[in-house]
Amino acid sequence: MHYDLIIIGMGLSGLMAAKTATEMGKRVLIIGKGMGSLGLFSNTIDVLGSLPETMKMKPHRQTPDGDTKTHWGEHPVPAPEDQFTQEQVSGPLGTGIRNGLSQWVKDHPEHPYSKVGLERIEEALSSFISLFPPPYSFEATIDGNTLIPTGAGTFRPTHLIPVTMVAGTSLKEGDALIVGFKGFKDFYAHYVVNRLNCQGITLPLPEPFDREITATALARLMEKESFRETIGKEIKKQLHGQTRVGLPAILGIQNPFKVKKGLEEIINAEVFEIPILPPSIPGIRIFNRFKEWLIERGATFLLGHSISKALLKDKKCKGVDVLNPPILNSYFADRYILATGRFIGGGLVADEEKIFESILGLPVSQPKEREEWFQKSFFNNLSHPVHQAGLLTDSSLRPVDERGDLVLENVWIAGSILAHHHCIDEKSREGIEIATGYMAARMAFSKQY
Amino acid sequence: MKLQTEVLIIGGGATGVGISRDLSLRGIPSILIEKGDFASGASGRNHGLFHSGGRYAVSDPGAAQECMAENRILRRIAPHCIEETEGLFISLPEDGLDFRDQFLRGCEEAEIPATLCSRDEALALEPELNPAILSAVKVPDGAIDPFTLILENLRDAENHGAKFLLHTETTSLILNGDRVRGITAKDLIHGEAYSIDASYLINATGAWANQFLKLAGLHIDMALSKGTMLITNQRLNQRVINRCRRPSDGDIIVPNDTVSILGTTSLRSEDVENFEVTSTEVSLLIKETSKMIPAIKEARLIRAYAGIRPLFQSGEKGNDRAISRGFALIDHEKREGLKNLITITGGKLVTYRLMAEKTSDLICQKMGGNISCLTHMRPLPGADHPSRLIDRLRKISQSISADRGEILCDCEMIGREEVQDFLKESKLKDLRDLLHRTRLAKGTCQGGFCIYRLLGVLHDLKMGEVDSNTVLKGFLEERWKGIRPILWGTSIKEEELIESIYKGIFNLTPTHPSPLEGEGEGGGAG
């Protein structure tokens with residue numbers, strides 16, 4: 001079977017590349033072991049959480065949280081004459097974040113964002129947003145980043161949030177009831193409220209679900225009307241004047257908007273989701289939406305399969321072998337996109353001495369010695385250098401070596417495996433994945449190639 | 001608060017707690033103060049080897065004999081703290097057989113039962129061994145759980161009237177002519193100040209001996225030797241595996257419950273509080289121990305840790321491995337004229353009881369009495385209980401079958417109810433004490449997930465009054481010391497996951513140093 005494009009990796013960057021190429025009318029095969037970090041961390045779409053110093057942002061409100069205050073303290077307090085907040089929004093990027101990004105790109109010429117460029121980042125984000133029409137849509141504020149409450153009772157800045165999280169963004173002291181569930185060990189209402197100065201309750205689940213329960217099981221149960229009703233009525237009983245109710249991000253996988261509305265009708269208060277420990281149910285929703293869209297448009301999905309061997313010849317990738325024991329299949333394409341992620345995704349592999357790229361054997365830019373991979377303290381003002389390690393590319397995202405020479409001519413790199421970003425500290429993971437996934441597909445089919 | 005006692009023991013390691021038990025059985029009242037938790041020093045930071053004495057059979061026959069004699073006693077009084085695994089001293093081709101022959105003679109002299117096994121016999125016993133070995137010598141080594149051993153001594157001592165103050169640090173020594181009248185101390189968690197008067201004082205602070213003696217203007221010659229160990233996430237060997245050669249780096253693999261512990265290095269250290277494991281040490285340990293068990297190269301490591309051996313120097317200098325592992329009982333009356341102060345240091349975990357006996361004998365002698373030691377006769381309170389592993393498995397099966405709440409720690413199968421029971425029963429001052437006493441956070445993820453859940457449960461029980469995120473960050477920082485040296489392979493994936501959770505999803509950021517920073521976690525062998 002011959003394809004126009006084979007994408008290796010099924011996380012957000014691979015999916016985004018698949019969508020982009022499919023929209024260009026290409027025959028696409030996407031191969032992945034799993035959904036990458038999408039199903040672990042991607043509750044919302046981060047673009048750039050730590051905006052550059054020159055950025056002027058306007059906080060929405062005072063937060064009761066110490067960590068967030070520290071965070072704000074790292075950035076200049078907004079000046080009243082702030083010129084950006086007055087502007088109109090155009091495109092998916094709020095003016096605040098666009099100015100922040102434009103400064104970021106200037107300050108970090110090696111960063112993946114700088115290779116993609118502001119214009120294409122906006123196109124990519126627009127493309128992502130278009131995949132989620134209402135009612136389960138993604139929203140952003142004009143200032144760029146929104147602060148959302150988390151399972152540790154902190155706030156975190158993020159760019160695009162699903163509609164199910166919106167009511168949590170303007171949380172005020174005392175106006176919310178936070179609800180946890182007995183037997184669900186990845187969310188603790190009292191932990192959250194202790195820092196947010198709100199009320200918290202831990203509800204017992206109806207039999208036979210009253211023992212240990214996982215996020216996925218809880219999310220599926222929430223889609224059952226009878227279950228929702230039991231929970232909703234119980235919450236309503238415990239509501240004492242609060243205007244909104246926060247729950248862990250488990251409000252259904254298939255139709256979260258319906259779950260939210262259903263609960264709101266019973267409780268008679270606004271309901272919002274709070275991101276929790278992995279797995280990320282909102283991330284799984286994103287994956288499912290991409291998958292549904294891509295399959296509808298004829299892209300081929302090979303989920304749960306991994307590449308056993310890539311056939312490389314004359315600076316080109318000629319094909320890939322996929323082993324699904326005992327069957328070995330070979331697939332061929334003109335172009336390939338590598339979007340295999342970092343260590344969790346399996347794109348990068350480390351042994352005692354060195355970091356490798358796992359499928360094509362591409363050179364990995366990395367610190368000289370293992371001793372330099374990590375800072376001496378876990379929480380450090382400087383990021384751990386190992387997170388900057390990754391693949392080097394030319395301006396069109398094709399892999400190059402340390403000297404800048406092209407390694408493979410028909411391969412493009414997308415996602416967090418790219419070098420020179422600190423997506424955890426920058427809070428830029430999904431932004432990088434979306435932007436580079438989009439860019440890689442565009443470049444693969446550009447006229448230059 | 002003013003307190004008064006007959007004997008004041010400083011230091012809550014195996015020696016200090018052992019002395020407390022010994023004195024209590026002789027009917028002598030005592031108070032023990034410890035600035036951290038029990039077993040925070042070398043007692044909790046070792047490979048958990050239950051010595052037969054074989055390791056010193058050639059280099060230090062005196063210590064070897066002591067070890068074997070105590071080995072026999074502990075099997076009687078503390079069977080529940082010991083796994084009688086046996087041990088093999090294996091000879092690799094590069095070691096030759098000369099040392100093995102000396103070793104066999106040494107064992108005979110020290111009365112250590114030793115059996116020579118052929119290569120095939122050894123491989124049948126331990127299939128993961130390097131097939132190139134020449135032969136092996138079987139000795140009665142084993143694995144010991146230092147923390148249970150200490151808690152058992154504590155329990156018996158408390159039953160006999162001994163008192164304990166944890167997280168309490170000595171701030172000064174009150175001298176009165178040729179005697180120490182007592183000490184002042186401070187509770188490091190609640191800030192309470194103590195003044196404790198005592199007729200006799202025992203410095204059982206191990207590596208901290210000179211820090212304590214400094215308060216009296218005294219000093220003894222000690223070498224502090226850092227030993228580093230690695231923990232694998234599975235048990236690779238059933239018996240203790242030793243290299244049959246002179247003790248050196250990376251020559252021992254001790255099985256411990258579900259894991260194996262690879263040890264050790266020996267590096268001079270100046271600082272007893274702040275020391276780190278270097279990547280050079282980690283590489284050396286892997287290189288050396290994998291010569292004995294090649295599978296170590298592929299094994300996943302879950303933690304690196306180090307402890308400081310307090311070695312007493314009686315004049316000799318040079319190679320620390322050549323310094324006797326025997327103990328030193330110092331009567332400061334004879335040495336400097338301070339009538340009622342004793343220092344006990346050096347020694348091995350396996351000789352803790354003997355050290356306690358000799359120290360208590362000296363106390364009795366000073367008191368002018370002659371009460372006999374009973375600790376070698378009387379089993380510890382839980383001695384008739386089944387072994388820990390079986391106990392634990394039974395508990396796990398119960399928590400799964402019955403409705404006992406969710407599992408908080410997936411790696412070590414610790415249920416919510418177990419934690420709640422523990423919190424209700426004990427009067428713990430510090431979260432670390434809970435972590436020290438359960439297997440929570442001891443497994444493959446090293447608490448990455450369950451620490452958050454534990455804090456959540458504390459909030460549910462209305463016990464989470466302190467700022468949980470400060471505690472959380474402190475825990476992660478402490479955890480970091482153990483995992484930073486071993487982050488590659490699967491561990492680096494786990495690291496990315498944990499960092500993405502706490503810095504990513506929860507947006508925890510570096511702020512002021514937390515109160516937990518810079519203190520030992522202890523409980524190394526788990």
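Let's start with helix α1 of chain A, residues 12-23. A helix here is a DSSP run of H or I with at least four residues, a strand is a run of E with at least two, and both are numbered from the N terminus. How far apart should the ends of α1(A) be, at 1.5 Å a residue? The expected span is 1.5 Å times one less than the number of residues. For the twelve residues of α1(A) that gives 16 Å, and the end C-alpha atoms are 16 Å apart, so the two agree.

Before I go on, this is a predicted model, where local features need pLDDT of at least 70 and side-chain atom pairs count only at pLDDT 80 or more, while totals for chains, interfaces and linings use all residues. Residues are numbered from 1 along each chain as its sequence is written, and chains are lettered from A and ligands numbered from 1 in the order in which they are written.

Back to α1(A). Is it mostly covered or mostly open? Covered: eleven of its twelve residues are buried. Buried means 20 or more other C-beta atoms within 10 Å of a residue's own, exposed means 12 or fewer, and partly exposed is in between, with C-beta atoms placed from the backbone. Among the buried residues are Leu12(A), Met16(A) and Lys19(A). Just after the helix, Gly25(A) takes a positive phi of about 85°.

Next, a pair of helices in chain A. α6 (residues 118-130) and α13 (residues 429-444) pack at an angle of about 100°, with their axes 8 Å apart. The axes are lines fitted to C-alpha atoms over the stretch in contact, and angles run from 0 to 180 degrees between N-to-C directions. That makes α6(A) roughly perpendicular to α13(A), a label used for angles of 65 to 115 degrees; under 35 is roughly parallel, over 145 roughly antiparallel, and the rest oblique. Residues in this contact include Ile121(A) and Phe128(A) from α6(A), and Tyr438(A) and Met439(A) from α13(A). Contact means C-beta atoms, placed from the backbone, within 7 Å. By class, there are eight nonpolar, one polar and two charged residues. Nonpolar covers Ala, Val, Leu, Ile, Met, Phe, Trp, Tyr, Cys and Pro; charged covers Asp, Glu, Lys and Arg; the others, Gly among them, are polar.

While we are in chain A, look at two proline pairs. The peptide bond from Pro134(A) to Pro135(A) is cis, with omega near 10°, and Pro135(A) sits in the loop between α6 and β3 (138-139). The bond from Pro278(A) to Pro279(A) is also cis, with omega near 0°. Pro279(A) belongs to the loop between β10 (270-274) and α11 (281-296) of chain A.

Now to the strands of chain B. Strands of a sheet pair through backbone hydrogen bonds, either parallel or antiparallel. Here, two strands pair if DSSP finds at least two bridges between them. Follow β12(B), residues 193-203: eight bridges join it to β1(B), residues 2-10, in parallel. With β11(B), residues 179-187, β12(B) runs antiparallel over five bridges. Ser195(B) stands opposite Lys2(B) and is also the bridge partner of Thr184(B). The hairpin of β11(B) and β12(B) has five residues between the strands, and there Gly191(B) takes a positive phi near 85°. β12(B) pairs with β20(B), residues 341-346, in the parallel sense over three bridges, with Asn203(B) opposite Thr343(B).

There is also an open sheet of three strands in chain B, in the order β3-β8-β4, with antiparallel pairing. Which strands stand at the edges? β3 (49-50) and β4 (82-83) do, each with a single partner strand, so one side of each is left without a neighbour in the sheet.

Finally, the two chains together. 40 residues of chain B are in contact with 40 residues of chain A. Which helix of chain B gives the most to the side that touches chain A? That is α15(B), with eleven residues. That side of chain B divides into 16 nonpolar, 13 polar and eleven charged residues.

Glu352(A) touches Arg370(A), Ser283(B) and Trp488(B), not counting residues up to four places away in sequence. Glu352(A) is partly exposed, with 14 other C-beta atoms within 10 Å.

How values were computed:
Contact = placed C-beta atoms within 7 Å.
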